[in-house]
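I opened my notebook today to look up a few residues and see what surrounds them. Come along and check each entry with me.

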Amino acid sequence: MLGGGGVTGIAWETGVLHGLAEQGVDLTGADLFVGTSAGSVVAAELAGGALLADLYAGQLVPPDGEIPARLTSWMIVRYALSYVMPGTPARKRARLGRAALKARTPSEESRLAVFDSRLSTKDWPERPLKVTAVDAASGKFVAFDRDSGVPLVKAVASSCAVPLVWPPVSINGSRYMDGGMRSVANVDLAAGYSRVVVVAPLTRSASPAATPGAQAAKLGVPSIVISPDRAALAAIGTNLLDPARRKPAAEAGYAQAVSIAQAVREVWE
């Protein structure tokens with residue numbers, strides 16, 4: 001299970017996974033990959049057979065002309081207002097979705113081009129992969145897979161469509177936004193599996209029951225939730241959407257793997 005956390009989340013997750021593999025705990029043999037937001041990028045790459053060493057090396061390359069985005073204070077307030085108002089979880093997500101549909105953002109076409117250029121695999125892998133998203137109009141949660149009839153690039157782009165920052169993605173007549181609007185890792189999608197490892201750059205959710213820890217505990221199987229330690233949080237910084245923080249975030253994840261390897265091994269093996 002790979003959770004959301006912006007471009008620095010992609011980097012930190014990649015560093016953690018590469019570091020764990022070098023400690024003898026290789027999680028790339030998982031029976032199921034679930035990716036939410038930033039985690040959908042990492043999950044798609046791993047399920048498609050990309051090598052961790054190559055993915056990690058890619059995170060260390062300095063950003064080339066990438067412009068950092070940012071969640072402004074106004075955006076954060078808008079998020080909070082959407083969730084504190086009365087209504088079902090879907091209705092609350094739809095409030096934010098309607099704002100996302102009206103927001104002034106880069107074009108959908110430009111965002112799709114970014115994901116098309118960065119994903120090393122464009123087709124759904126044979127290995128089980130779920131990519132989460134939320135219908136911006138209805139607030140309905142979806143988990144795309146190879147049987148959904150949705151191009152992988154669009155599925156990942158929709159899962160990463162942070163409301164108010166990036167445009168919702170058009171799929172089969174609807175528009176979809178960040179799967180993290182339902183839960184930062186959507187760990188409950190692992191129901192039925194015998195053990196669960198969650199790599200989550202963020203651990204807070206609008207609902208306490210939707211946090212990675214709470215969802216993992218409810219599964220009733222051996223599980224562990226890995227989140228950034230103090231050094232990693234400092235490396236990631238305050239702007240999760242800043243490409244300049246990618247390299248330090250990846251290196252911090254790689255370093256953190258040493259201290260957590262045994263705990264992960266006990267669950268995984």
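My entries below go residue by residue.

**Before I start.** I remind myself that this is a predicted model.

**Entry on Thr 132.** I looked up Thr 132 and found it in strand E2, which runs over residues 129-135. Is Thr 132 buried or exposed? Its relative accessibility is 0%, so I noted it as buried, because buried means under 20%. Next I asked which side chain makes a polar contact with the side chain of Thr 132. I found that of Thr 36, at 2.9 Å. Then I set aside the neighbours of Thr 132 within four places in sequence and listed its contacts, among them Val 34, Gly 35, Phe 141, Ser 159 and Leu 189.

**Entry on the aromatic pairs.** How many aromatic pairs are there? I noted a count of two. One that I looked up joins Phe 144 and Tyr 176 edge-to-face, with 5.3 Å centre to centre and 75° between the planes. This pair links distant parts of the chain: Phe 144 sits in strand E3 (residues 141-144) and Tyr 176 in strand E5 (residues 174-178), 32 residues apart. Phe 144 has 6% relative accessibility, so it counts as buried. Tyr 176 is at 11%, so I wrote buried for Tyr 176 as well.

I picked Leu 81, which belongs to helix H4 (residues 73-84). Leu 81 counts as partly exposed because its relative accessibility is 44%.

Technical notes:
Residues numbered from 1 in each chain as written. Predicted model: local features only at pLDDT ≥ 70, side-chain atom pairs only at ≥ 80, totals over all residues. Heavy atoms only, no water. Helix = DSSP H or I, 4+ residues; strand = E, 2+ residues; numbered from the N terminus. Buried < 20%, exposed > 50% of the residue type's maximum accessible area, 1.4 Å probe, protein only. Polar contact = N/O pair within 3.5 Å; in protein donor to acceptor, adjacent residues only side chain to side chain. Contact = heavy atoms within 4.5 Å. Phe/Tyr/Trp six-rings, centres within 6.5 Å; stacked < 30°, edge-to-face > 60°.
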